[in-house]
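Biologist: I have a structure open on my screen and would like to learn how to read it. Could you take me through some features, one at a time?

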Amino acid sequence: MNSNQAFYYRNEQLFVEDIAINDIAKQITTPFYCYSSRAITDNFIQYQQAFAKQDTLICYAVKANSNQAILTTLAKLGAGADVVSLGEIKRALTANIPANKIVFSGVAKTAEEIEFALKQNIFQFNIESEPELEQISTIATRLNKIAAVSFRINPDVNANTHAKITTGKAENKFGIPIDKARNIYKKAASLPNIKIQGVDVHIGSQLTEITPFKEAFAKVAELVNALNSDGHTISVIDIGGGLGIEYQANESIPKVTEYAELAYQQLASLKCKIIVEPGRSIVGNAGVLVSKVVYVKKGEQRQFLILDAGMNDMIRPSMYDAYHDIIRVKNSPNSSEQTYDIVGPVCETGDTFAKARKIATCQQDDLVAIKSCGAYGAVMSSAYNTRLPATEIMINQNQWCVIKDRPSYEEYINADKIPAWLE
Ligand code: LLP
């Protein structure tokens with residue numbers, strides 16, 4: 001079952017697996033995130049099958065959606081984790097992802113994070129700078145541990161994606177410039193308690209073309225050969241994440257099979273273990289944000305559909321001008337359509353999900369689903385305007401479960417503390 005099969009209309013109602021969203025909305029308040037367990041599972045299995053030809057560890061990029069129910073679903077399928085903080089390591093371990101399947105990425109790993117990761121014996125650190133290398137060596141020496149490391153190489157390729165999510169250009173803050181790579185490996189080899197094991201690359205997110213991957217993998221292959229001839233033993237190649245998903249119907253996105261085949265063609269001869277760190281392509285199309293129309297407001301020039309979900313719940317359109325399909329939960333085949341600016345309730349002009357979008361005519365209290373919100377949706381939410389983050393639920397065939405509750409207002413407000421001098 002792919003994501004399109006997990007989300008479908010039956011009797012004019014939007015279903016997720018075997019459950020009508022409308023039935024859930026009668027029991028919990030909107031807005032809520034709704035994920036399909038099947039879609040997540042199938043997306044992960046697609047990766048496993050596509051990469052089966054080479055020794056590959058699929059390390060789900062926890063940042064895309066770190067809910068424990070999602071991590072546990074993936075852990076049971078054998079997933080590893082790509083983490084970028086102490087919190088994400090703790091989440092992965094709590095979901096029973098073994099430490100030897102965890103890779104630690106991120107540009108600013110702190111001493112506390114490094115120490116914790118070393119004590120857990122994680123699979124590897126993806127190092128991003130020379131000071132970080134020195135810090136890891138010092139801490140590992142103090143703890144009498146060996147840190148297995150890769151360096152994240154910045155290959156200077158253009159990922160042709162949104163500027164805010166491109167990472168592999170020379171001007172980006174990420175990684176070690178490829179022409180400096182051999183020097184840093186040399187330095188690493190001279191430092192105590194460091195075991196060089198890999199090369200890592202991640203050039204950006206929501207890539208919709210295969211060519212940038214091809215360029216990046218070619219540069220990595222060349223570097224691995226050079227490093228081996230320098231006397232290092234490179235046994236791991238981490239190819240990062242970044243494969244895009246369809247946000248609009250008929251977008252042409254490379255298939256996982258094509259991506260895996262490319263990795264095989266370009267890297268198999270190096271006889272390394274491959275790590276792949278997909279986030280969005282595992283969960284993105286496996287989740288929707290369900291929201292209710294609070295008002296339909298006719299402005300001077302435009303008609304506004306004002307939802308009870310806002311930019312605090314899902315920031316991608318405000319932050320990246322991202323396109324998300326928005327559909328009415330009840331779908332009458334003969335329904336008329338109207339053009340709306342679809343906005344949230346937050347006091348910011350940027351709180352806009354879509355401009356001049358034609359969708360089925362909506363009335364007050366109608367439910368809509370904002371599609372493709374499984375990745376970088378809930379995890380990027382905030383309580384701006386003291387709007388409590390949306391509930392999250394997961395559907396598995398004919399069962400559903402709240403996987404994250406909204407906090408109560410009391411809990412949320414009482415987290416603030418009043419200084420004694422005000423009492
Ligand atoms: N590995 C590393 C080192 C990463 O930085 C990322 C994402 C991934 C893997 C997973 O990439 P994916 O397969 O999900 O494309 N908030 C943005 C996306 C930021 C991506 C950050 N890094 C958005 O909503 O589009």
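Modeller: Gladly! Let us start with a term: helices here are DSSP runs of H or I with at least four residues, numbered from the N terminus. Please keep in mind that this is a predicted model.

Biologist: Which residues lie nearest the centre of the second largest pocket?

Modeller: They are Lys63, Thr167, Phe174, His202 and Tyr376, out of a lining of 33 residues. Two elements, α11 (280-283) and α12 (316-320), each give two or more residues to that lining.

Biologist: Which element gives the largest share of the lining?

Modeller: That is α12, with three residues. By domain, at least three lining residues come from domain 1 (3-36 + 284-413), and at least three from domain 2 (105-278).

Biologist: How many residues of the lining are nonpolar, polar and charged?

Modeller: The lining of the second largest pocket has 12 nonpolar residues, 11 polar ones and 10 charged ones.

Biologist: Now for the helices. At what angle do α6 and α7 pack?

Modeller: Helix α6 (residues 111-120) meets helix α7 (residues 130-143) at about 50°, and their axes are 10 Å apart. An angle from 65 to 115 degrees would count as roughly perpendicular and one under 35 as roughly parallel, so α6 and α7 are oblique to each other. Their crossing is right-handed.

Biologist: What about α8 and α9?

Modeller: Helix α8 (residues 181-190) and helix α9 (residues 211-229) cross at roughly 40°, with axes that come within 11 Å. This pair is therefore oblique, and α8 and α9 make a right-handed crossing.

Biologist: Let us finish with the backbone. Is the peptide bond from Thr30 to Pro31 cis or trans?

Modeller: The bond is cis, with omega near -5°. You will find Pro31 in the loop between α2 (21-25) and β4 (32-36).

Biologist: And is phi of Asn96 positive or negative?

Modeller: Phi of Asn96 is positive, near 65°, in a residue other than glycine. Look for Asn96 in the loop that joins α5 (86-94) and β7 (102-104).

Terms used. Residues numbered from 1 in each chain as written. Predicted model: local features only at pLDDT ≥ 70, side-chain atom pairs only at ≥ 80, totals over all residues. Heavy atoms only, no water. 1 Å grid on protein atoms, 1.4 Å probe; cavity = no way out; pocket = protein on both sides within 12 Å on 5 of 7 lines; lining within 4 Å. Nonpolar A, V, L, I, M, F, W, Y, C, P; charged D, E, K, R; others polar. Domains from an automatic or database assignment. Axes fitted to C-alpha atoms, helices over the stretch in contact; angles between N-to-C directions. Parallel < 35°, antiparallel > 145°, perpendicular 65-115°, else oblique. Left-handed = near helix turned anticlockwise from the far one by under 90°.
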